Amino acid sequence: MSAVFAGKLDRLPDTIALGLAADVSGLANALKTGAGRLAIAIGSGGSAAAAEYLAVCRASLGGRTIVQTPMHFVLEQDDLRDQEVWIFSAKGENADICASLAAARTRGPASIFVVTSNPDGRLAREADAAGLRVFACPVTDPKDGFLATHSLLAAVTALLRASDQCVSKLGPSVAAAFREAAGASLSQVRREYLRPSFASLRSSDVLLLLVDPRLGPAATVLETSLWEAALLPVQRSDFRNFAHGRHVWLARNPDATFIVALTGTLSAPAWSEIRGLAPPEVRSAAFDYGSCGRFQNAIALVEALTFVEAISACLDVDPAKPGPGPYAAAMYGSDALLQLETKLDRPVRHKRSAVSRSDDPALPELDLADAYVQFRDRLANTVFHGLVLDYDGTIVTHEERFQPPGPLLLGELERLIESRTWIGIATGRGGSVGEDLRATLGAQYHERVLIGYYNGSYIRTLDVDIREDPAPASAEMRKLSAWFAERRRHFRAFNVKDSGVQISIAIADLYDPDALLRELGSSFPEVQWARSGHTIDFFAKTASKVDVVKVLAEYAQEEVAAILRVGDSGARYGNDHVLLGSCYGISVGQVCDRPDVCWSLFGHEPSGPVALLRLLKALTPSGTGLFRLDFDRLRDSA
């Protein structure tokens with residue numbers, strides 16, 4: 001018997017009526033304004049079906065959606081700055097869904113939306129406190145029971161109506177049609193009519209759920225409900241994927257197999273062929289949903305619940321009271337995912353991206369969250385004797401590299417110099433950096449600023465104009481310049497910049513930078529190369545941005561001098577990779593896969609001069625020429 005579950009279905013038309021009368025203009029506006037963005041929809045259990053239904057609605061409006069479980073979403077580390085996140089939960093009380101919200105806020109999407117039937121739940125409260133948009137879908141029965149029913153249909157009704165409002169069309173709205181069609185599907189006559197379709201089912205059967213891929217929400221309701229209520233084992237597939245090998249099950253177990261097929265106009269022929277070829281002992285029931293659009297998907301979702309009722313009645317089980325084990329509450333209520341999420345803050349996710357990209361098996365297996373804590377503690381407990389900064393991408397953005405640094409940033413540098421702190425600039429560029437800084441930084445500070453031009457190949461204090469005191473030319477660079485001239489086929493435009501100690505090639509001027517570097521190979525053993533955001537620099541193997549650190553340490557007159565280093569190109573082959581490869585190297589851009597060095601303190605954003613300014617504001621004097629990094633100030637500067 002399924003008396004409790006049947007009672008839930010009996011009242012579903014009332015919840016649908018509430019949803020059809022509710023104001024969904026805010027939801028419609030969210031769908032319309034975000035149609036061009038990629039969205040991630042998150043849900044588990046019955047809410048996973050609501051998330052999949054959002055994907056159907058957004059697809060019909062021209063949007064693309066990825067559906068994920070809370071754990072999938074929490075474990076990913078990609079930056080989401082141009083994407084949307086939609087979080088679905090009926091009650092919004094479980095730790096997993098709250099972990100999803102926390103992870104979404106950490107990963108920084110353009111928008112976060114919460115859809116729930118419980119506006120007073122933990123999820124809604126935390127979203128409200130963060131200033132996020134919460135869409136509360138009204139229900140007549142706030143207690144779903146073991147399986148999602150009212151909360152699911154409340155969300156589906158709201159999304160169907162909101163999607164309809166996004167489309168300019170003549171004629172009546174979808175509300176009346178959905179009320180009538182859903183009411184017919186939920187009527188006692190229709191539900192009684194369904195039972196013979198499943199009358200031959202036995203608890204020992206395996207149910208094969210073959211589905212038109214466009215009917216994913218209904219398939220999720222069926223698969224989830226049958227498993228959660230322990231009614232039958234379910235194997236889900238689309239028709240053609242099933243035909244690629246899974247049909248062997250039919251040959252071995254024809255009399256223990258029941259197929260439920262959910263088809264549309266386009267997929268019905270594929271199902272018809274499979275049904276005609278399958279052994280006659282295999283039992284089946286098929287249901288067609290025409291165009292498989294958002295309206296037909298909503299009806300399929302309604303009917304999927306009635307299928308669960310019919311199946312449970314045939315097996316004499318009430319899916320609303322399946323009898324979970326004594327461990328169920330503890331297993332469901334575990335906060336393991338929430339505890340994990342608290343360790344995956346922005347810097348850790350940023351570093352995980354770099355580690356994942358390289359996927360180097362030679363790297364030590366370290367807990368990155370612990371490694372970041374150690375890195376932070378090391379910085380917090382160190383008294384620094386100087387500061388070395390990259391220039392392009394760090395002091396100025398790559399896009400504005402020929403503009404002077406911002407006045408706030410210059411002011412912080414002057415504040416540090418006034419406290420007798422030595423400042424070093426390690427840049428891949430030549431004299432233009434010195435010219436820009438001399439024009440904007442007070443002349444009284446120039447002697448305490450050390451500049452390593454051409455990736456450290458030529459080091460002078462800022463008061464020295466290297467146009468008047470140029471670096472000696474390198475014979476190796478002349479040979480390399482001639483080598484490039486013989487390989488113009490690699491160049492869109494041959495604009496090789498040769499300073500005598502360094503050759504720089506704009507990445508945009510090359511057809512395939514990697515092809516040029518492969519051909520170069522080891523032809524010039526005395527030369528190394530490094531990438532910045534816009535160029536590849538070739539310079540002597542004996543040169544390094546770290547040379548600026550060494551000279552600065554000598555200026556500090558300390559036997560062991562701690563020099564803080566900041567750059568933006570810390571990735572492998574980035575021109576700050578070596579500079580930031582120390583225990584005091586901070587990135588304001590790309591990080592590398594080394595777990596113990598080259599961390600960002602912010603994650604993907606902020607970056608560049610914005611991040612550097614926050615860092616500089618957090619540097620506090622600790623004696624003449626000395627400073628510390630104050631993490632309390634770093635947080636306050638956000």
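Arginine 283 is buried, its relative accessible area being 15%, where buried denotes under 20% relative accessible area, exposed over 50% and partly exposed the range in between (1.4 Å probe, protein chains only). The structure is a predicted model, in which local features need pLDDT of at least 70 and side-chain atom pairs count only at pLDDT 80 or more, whereas totals for chains, interfaces and linings use all residues. Residues are numbered from 1 along each chain as its sequence is written, and side-chain values use heavy atoms, with hydrogens and water left out.

Arginine 283 forms a salt bridge with aspartate 205, with 2.9 Å between the closest N and O atoms; a salt bridge is taken as a side-chain nitrogen of Lys or Arg within 4 Å of a carboxyl oxygen of Asp or Glu. Because arginine 283 belongs to strand 9 (residues 283-288) and aspartate 205 to the loop between helix 10 and strand 6 (206-211), the pair ties together parts that are 78 residues apart in sequence. Helices (H or I, at least four residues) and strands (E, at least two) are DSSP runs numbered from the N terminus. Aspartate 205 is likewise buried, at 0% relative accessibility.

By the salt-bridge rule, the count comes to 31. One of these joins the side chains of aspartate 10 and arginine 191 (2.9 Å, N to O); since aspartate 10 lies in helix 1 (residues 3-10) and arginine 191 in helix 10 (residues 188-194), this pair connects parts that are 181 residues apart in sequence. Aspartate 10 is partly exposed at 41% relative accessibility, whereas arginine 191 is buried at 4%. A further salt bridge is found between the side chains of lysine 545 and aspartate 576 (2.6 Å, N to O), and both of these residues are buried.

Five strands form an open sheet with parallel pairing in the order 2-1-3-4-5, two strands being counted as paired if DSSP finds at least two bridges between them. Strand 2 and strand 5 (133-136) stand at the edges, each with a single partner strand, so that one side of each is left without a neighbour in the sheet. Strand 1 (residues 38-42) pairs with strand 2 in the parallel sense over five bridges, and leucine 38 stands opposite arginine 64 in strand 2. Threonine 65, also found in strand 2 (residues 64-68), is buried with a relative accessible area of 17%.
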